[in-house]
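Please consult the sequence and the structure shown below while reading.

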2 protein chains.
Amino acid sequence: MEEHGPVPPPHPAEDVTEHVGYRLKRAAAALRGAMDRALRDHGLTVPQYSCLELLDERPGLSSAELARGTFVTRQSAHVVLRGLEDAGLLARAAHAGHGRALPVHLTPAGRERLHAARGAVYAVESRMIEAVPARRLAALLADLDTMAAALGE
Amino acid sequence: MEEHGPVPPPHPAEDVTEHVGYRLKRAAAALRGAMDRALRDHGLTVPQYSCLELLDERPGLSSAELARGTFVTRQSAHVVLRGLEDAGLLARAAHAGHGRALPVHLTPAGRERLHAARGAVYAVESRMIEAVPARRLAALLADLDTMAAALGE
DNA sequence: TCTTCCATGTCAGCATTTTGACATAGTCCG
DNA sequence: CGGACTATGTCAAAATGCTGACATGGAAGA
């Protein structure tokens, strides 16, 4: 019994502009929730998983670059890194390789944990992707990208 | 795809940034940031604006319904409502009209503030919408919706 | 009717994230 | 060379959001 169904707005023909943000937020919230549930079994949070995934692909990233890649502040990324470091999933170089940036890289344990969790996350993404017609997927990705770019500057 | 890990990716992607989840998060983060900047001049935060907008469209909503509509917990919504109430932008009925739910409605000041801020928010959404081909907009909205629905249950 | 169940409002504690600030290291010109 | 500028790491504090818990009011079903 779910009566929380989206109540039809009084003005159906209302500007779609009003709803784009809502739909986007809704989709993002649903994804966040689903990922959270999927990752719980692996002892990871979404920000933690994001960091691991990014580091697996681009080893040696700095804390600040990681922050930008996960759309949070440097300070937030720092907290996440600290947690992952304490868990032995990644290591930070003691000395800066360039500038003040301290390169970060996964440990074997970190890679193992990431690979284990990846399946759960990919399952979530699959559910999401299969909900949209395959031929529209590329366009969807492109549109999300251009929208973000349009707002970024 | 050279990825022969324990779990195959849901779709070909050499790059994490190619994933739907990443793009979605990126777009949502960009929107959130742009709305935040736009609303700052009006003395409102994004959650506050969301509440006002929702209440303007559906007066008498309860705190819990408001929470679901803005994708946060009841507790978080409660804090937001308290702030808006202290600012005189909305009022909560003293007695429950039905069950324990306390109907909430905007005050004239709340409506005025909302109308003032709406322009700034619409400008942001316009920028976002104009970045994607008009003929794909409807499909984009529908796809965001179905994706959210696919993850919700 | 009564009993069980669900939704709501609310309190408390904790986790997460952001804002603000500062020192440091490198870069870009003058 | 030297100063302005930028980027990074980090600390402190506040804001924000969530989990857990509890009591209450209605509704559904035995």
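Asp36(A) has a relative accessible area of 23% and is therefore partly exposed, a class lying between buried (under 20% relative accessible area) and exposed (over 50%), with a 1.4 Å probe and protein chains only. The model is predicted: local features need pLDDT of at least 70, side-chain atom pairs count only at pLDDT 80 or more, and totals for chains, interfaces and linings use all residues. Residues are numbered from 1 along each chain as its sequence is written, chains are lettered from A and ligands numbered from 1 in the order in which they are written, and side-chain values use heavy atoms, without hydrogens and water.

**Within helix H1 of chain A**
- Asp36(A) forms a salt bridge with Arg32(A), with 3.7 Å between the closest N and O atoms; the term denotes a side-chain nitrogen of Lys or Arg within 4 Å of a carboxyl oxygen of Asp or Glu.
- The two residues are four apart in helix H1 of chain A, so about one helical turn separates them; helices (H or I, at least four residues) are DSSP runs, numbered from the N terminus.
- Arg32(A) is partly exposed at 44% relative accessibility.

**Between helices of chain A**
- Arg118(A) and Glu53(A) meet in a salt bridge of 2.6 Å, N to O.
- Because Arg118(A) lies in helix H5 (residues 108-130) and Glu53(A) in helix H2 (residues 46-57), the pair ties together parts that are 65 residues apart in sequence.
- Arg118(A) is buried at 6% relative accessible area, and Glu53(A) is buried at 7%.

**Network**
- Salt bridges that share partners join Arg23(A), Arg26(A) and Asp145(B) into one network.
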